[in-house]
Structure formats: C-alpha cells, structure tokens
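Hi everyone, thanks for coming.

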Amino acid sequence: MSGRTEHPPDRALAMPSAPPRTLFIEVTTECNLRCRQCHMWRSREPATALRTEEKTALIHPFATWSPGATVVLTGGEPLHKKDEFFSLTRTCRRSALPVAANTNGTLWDDVTLDRLLAEGPRYLIVSLDSHRPELHDWIRGVPGTYDRAVSMIRRLLARRRESFRDSDLRLLTNTILFDGNVDRLEAYVEFARALGVDGMTFQMLSRTFMRASRRDTFFERHFPREVSRVDAAIDRLLGLKESGAPVATSENDLRWMKLYARDPDFIGEQVCGSAERNMMVDQHGNAQLCFFMRELLDGRVIGNVRQSGLRELWESDLAAQARDVMAGCRKNCGMLNCHRKQEAS
C-alpha cells in the first residue's frame with residue numbers, strides 16, 4: 001500500500017516544501033484520572049495497537065529526514081506506559097531530537113523521578129489547573145490529584161537541584177482556563193513561581209476530547225462566556241509576563257485567546273498551519289496532519305505507518321488532498337499553539 005490515490009492529470013497537488021517540524025506519537029489513550037474536559041480515560045488500548053518497537057522504529061528515519069525536529073509524546077497519560085515512554089525518549093535522545101510530553105504528574109515514584117531527569121524528555125509539562133486543591137481535583141475527577149502532582153513537582157525539582165544538576169529537563173505547568181479559575185490567575189502564577197517551575201503555559205478550554213456523550217455538557221457549562229472576563233484575565237497574564245513572571249505562552253498566543261473567547265468554534269481567517277508542520281501518529285499507526293483532520297475528511301487519514309514510511313505519507317497525494325481541504329478550514333482549533341501558523345521570526 002503506497003498511501004497514494006489518483007487525481008485529475010490537469011490538477012497539480014502541492015508538495016510540501018519541508019518535512020514536518022513536529023512528530024506527535026500517541027503512547028496511549030488510557031488514563032488514571034477522570035478529567036471532565038476529556039473522555040479519553042474511557043478508552044482501552046486495542047490489541048492491534050502499535051508495539052513499542054514499531055513506534056521507536058519511526059524515530060531514526062524521522063531524525064534523518066527532519067534533523068532537530070521535536071517529538072511530542074501524547075496520551076491519555078503517557079506515563080501509564082513507563083517502559084514505552086522511556087524507550088521513546090532514549091531513542092529520541094540518541095537521534096538528537098528534543099522531546100516534549102504532557103503528564104498529570106500522579107504516576108511518578110522515586111525511580112521515575114530519576115529516570116525523568118536522566119533519560120526523559122527535554123520538556124515535561126504537568127497539568128495543574130489551579131492553586132486551589134479542591135478546584136484542580138474537581139476538574140481532574142479524582143480526589144488527591146492536586147496533592148500528588150504538587151508533591152511530585154517539588155520532589156523532582158529538589159532531585160534536580162541536589163543530584164541531577166546537569167539534567168536538561170525543563171518542567172512546566174499547563175493550565176486550562178475555564179470559568180472556575182479565569183479570575184484568579186495572579187494567585188496561581190505566584191504559587192507556580194514559588195514552586196520553582198521553569199515556566200507555565202495556558203490554554204483556553206476546548207471542546208471535550210473523545211466526547212462520549214451526545215452533548216458537550218462540560219464545555220457548555222464551563223466555557224467562560226463573558227468576554228470581558230477573558231479579556232481581563234489575558235491582560236493580567238500579559239502584565240505578569242512583561243514583569244518577569246515565567247509565563248511561557250507567547251504574547252501572540254495569549255492575544256489569540258481573546259479572539260477564541262468571542263467564538264470558540266470558528267474564526268474569520270485561516271490561522272492553522274498544522275498541515276505544513278505537524279504529523280500525528282496514533283496508537284493504531286494512523287497518520288494525520290492535525291488532531292481533528294478526520295472531522296474534515298469524513299473519517300479518513302493519510303495512511304498507516306505499518307504500510308508506508310512517514311516521508312511517503314507526508315508527500316503522498318492523500319496528504320496533498322488533505323492540505324487542500326485544510327487550507328479552507330476556519331475552525332478555532334487552528335489557534336491551538338500546536339496547530340497555529342508559526343510566528344514570523
């Protein structure tokens with residue numbers, strides 16, 4: 001299977017001028033939490049999922065094709081499968097590819113802390129939605145999640161200071177902005193800064209991932225509908241960033257959030273650049289050019305890594321046809337940092 005389809009001979013499909021700069025690899029969709037804005041935890045890993053060695057086999061050819069590109073390990077909770085997680089980070093390190101990974105920070109132990117510092121990702125982003133324990137635990141769906149995550153952050157940073165001073169791991173927090181925390185960001189920033197994290201990122205509440213119900217009840221109830229509240233919150237974050245707080249979200253991304261708040265579904269201009277810079281491989285081996293590509297292409301993907309190499313898939317006619325469709329996309333998910341067009345340097 002080549003991943004190519006026929007197209008009219010008088011229609012030239014655009015070939016990407018460069019390889020993707022980010023490769024997303026789905027470690028698992030399983031998760032130990034019960035997050036209200038994500039239903040991935042309801043899934044179970046299929047028997048047909050890619051084996052660890054199939055995923056690691058993607059790394060060296062990708063590094064040769066796109067040197068220095070970033071690999072992002074996604075979930076679910078990627079540390080739900082520790083052996084695979086560290087096999088991937090080690091392989092990426094040998095290929096000089098920086099790795100980023102998001103985690104809920106609750107499945108660590110002392111051995112995991114040391115492995116994260118010695119052989120883990122370059123960027124480890126821990127979900128932390130509030131400095132108030134009850135609020136973080138509520139949105140994450142499991143009591144005690146806050147205490148566990150904050151304890152692990154403190155212990156990892158202490159281990160880095162005391163025993164792993166040469167570690168290049170940078171620990172950040174990520175916060176989802178919703179109606180329960182959008183008015184208390186100054187206190188959160190000061191709390192996270194006191195923890196000693198290397199940075200903090202923010203994102204607006206999105207539509208529920210892998211939604212299991214017909215209605216998106218959580219989004220409907222908890223997206224901050226008062227635009228003035230969002231504007232004020234973003235302005236406060238911009239002020240904190242300007243004053244030296246380690247807010248890692250770019251100024252441009254923060255300003256985009258104001259537009260997102262005005263219509264969380266569609267915008268008037270095309271801002272997504274994912275089809276030209278990203279490639280996603282899910283646990284089945286299916287490849288996509290953005291996380292929501294299937295919604296635009298009636299469930300289709302550009303191919304599977306068990307039948308074709310990453311470069312062949314990227315340069316296939318199916319990928320070119322997908323880019324044609326995605327060029328007209330005005331969905332607001334294009335404003336996610338992982339999707340949006342790169343800022344001019």
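**A quick tour of the chain**

Let's start with contacts: if you take those in the chain with a separation of 6 or more, 75% of them are between residues 24 or more positions apart. Keep in mind that this is a predicted model.

Now the overall picture. The chain has 14 helices and nine strands. Its radius of gyration is 20 Å, close to the 20 Å that the globule rule gives for 345 residues, so the chain is as compact as a globular protein of that length. Along the principal axes, the C-alpha trace spans about 60 × 45 × 40 Å. And 55% of the 345 residues count as buried.

Okay, on to some helices. Find α14, residues 317–326. Is it enclosed or open? Eight of its ten residues are buried, so α14 is largely enclosed by the rest of the structure. Those buried residues are Asp317, Leu318, Ala319, Ala320, Gln321, Ala322, Arg323 and Met326. What covers them includes α11 (274–277), α12 (293–296) and α13 (310–314).

Then look at α10, residues 251–262, where the buried residues include Trp256, Met257 and Tyr260. Their cover includes strands β5 (170–177) and β6 (199–204), plus helices α8 (217–222) and α9 (227–242).

Next, a helix pair. How do α4 and α6 cross? The axes of α4 (residues 110–119) and α6 (residues 145–162) come within 10 Å and cross at roughly 55 degrees. The two are therefore oblique to each other, and the crossing is right-handed. On the α4 side you've got Asp110, Leu113, Asp114, Leu116 and Leu117, and they meet Met152, Arg155, Leu156, Arg159 and Arg160 in α6. Sort the residues of that contact and you get five nonpolar, five charged and no polar.

Last stop, a few backbone details in the loops. The peptide bond from Gly75 to Gly76 is cis, with omega near 20 degrees. You'll find Gly76 in the loop between β2 (70–74) and α3 (82–94).

Met210 isn't a glycine, yet it has a positive phi of about 50 degrees. Met210 sits in the loop between β6 and α8, and at 44% relative accessibility it counts as partly exposed. Asp298 isn't a glycine either, and its phi is positive, about 55 degrees. Look for Asp298 in the loop between α12 and β9 (303–304); with a relative accessible area of 75%, Asp298 is exposed.

That's the tour, thanks!

Technical notes
Residues numbered from 1 in each chain as written. Predicted model: local features only at pLDDT ≥ 70, side-chain atom pairs only at ≥ 80, totals over all residues. Heavy atoms only, no water. Axes fitted to C-alpha atoms, helices over the stretch in contact; angles between N-to-C directions. Helix = DSSP H or I, 4+ residues; strand = E, 2+ residues; numbered from the N terminus. Parallel < 35°, antiparallel > 145°, perpendicular 65-115°, else oblique. Left-handed = near helix turned anticlockwise from the far one by under 90°. Contact = heavy atoms within 4.5 Å. Nonpolar A, V, L, I, M, F, W, Y, C, P; charged D, E, K, R; others polar. Rg over C-alpha atoms; globule rule 2.2 N^0.38 Å. Buried < 20%, exposed > 50% of the residue type's maximum accessible area, 1.4 Å probe, protein only.
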